[in-house]
Amino acid sequence: MKEILAIVRLNRMNQTKRALAEVGLPSITARDCLGRGKGLVDLQLLKGAERGYEEAISQLGQSQRLIPKRLLVIVVQDDLVEKTVQTLIRVNQTGKPGDGMIFVMPCLDAHRVRTQEHGDVVLDEV
């Protein structure tokens, strides 16, 4: 089983939830988060802004501020990883900076609290 972390734009959440449900993956966890990508940053300006220098803050502008995003956590069986990742890409890809990131990590086990079941049986089946 794998854990998929996806960082997506806020305005793509409804389409993402709908697309995942349509391919048989309705179970997700979502959290608000802030972040930014690898956009060019003048580190001297950034240090000056952190120290509170008004000139540095004004030159840094809005482009280097942290952007509100949504962090999705989806745990799937190994054979559903590619389908999940491709669905996330299809819905969230605009071709512009800020489309997001997807991370796939191993997940050792999952437990359903209500029934005490564990393993793949607690995950969505497609």
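Predicted model: local features only at pLDDT ≥ 70, side-chain atom pairs only at ≥ 80, totals over all residues.

Reader: Why is Cys107 called buried?

Author: The relative accessibility of Cys107 is 18%, and since buried means under 20% relative accessible area, Cys107 counts as buried.

Reader: What makes Cys33 partly exposed?

Author: Cys33 has a relative accessible area of 22%, and because partly exposed covers the values between the 20% limit for buried and the 50% limit for exposed, Cys33 is given that label.

Reader: How many disulfides does the model have by the rule applied to it?

Author: The count is 0 disulfides, where a disulfide would require a pair of cysteine sulfur atoms within 2.5 Å.

Reader: Why is Gln77 called buried, and where does it sit?

Author: Gln77 lies in the loop that runs between strand S3 (67–76) and helix H4 (81–92). Its relative accessible area is 17%, and because the limit for buried is under 20%, Gln77 is classed as buried. Leaving aside residues up to four places away in sequence, Gln77 touches Met1, Asp120, Leu123, Asp124 and Glu125.

Reader: What makes Gly35 a buried residue, and which residues does it touch?

Author: Gly35 belongs to strand S2 (residues 29–35). Not counting residues up to four places away in sequence, Gly35 is in contact with Leu66 and Ile67, while the C-alpha atoms of Gly35 and Arg70, which are 35 residues apart in sequence, are 9.6 Å apart in space.

Terms used. Residues numbered from 1 in each chain as written. Heavy atoms only, no water. Buried < 20%, exposed > 50% of the residue type's maximum accessible area, 1.4 Å probe, protein only. Helix = DSSP H or I, 4+ residues; strand = E, 2+ residues; numbered from the N terminus. Contact = heavy atoms within 4.5 Å.
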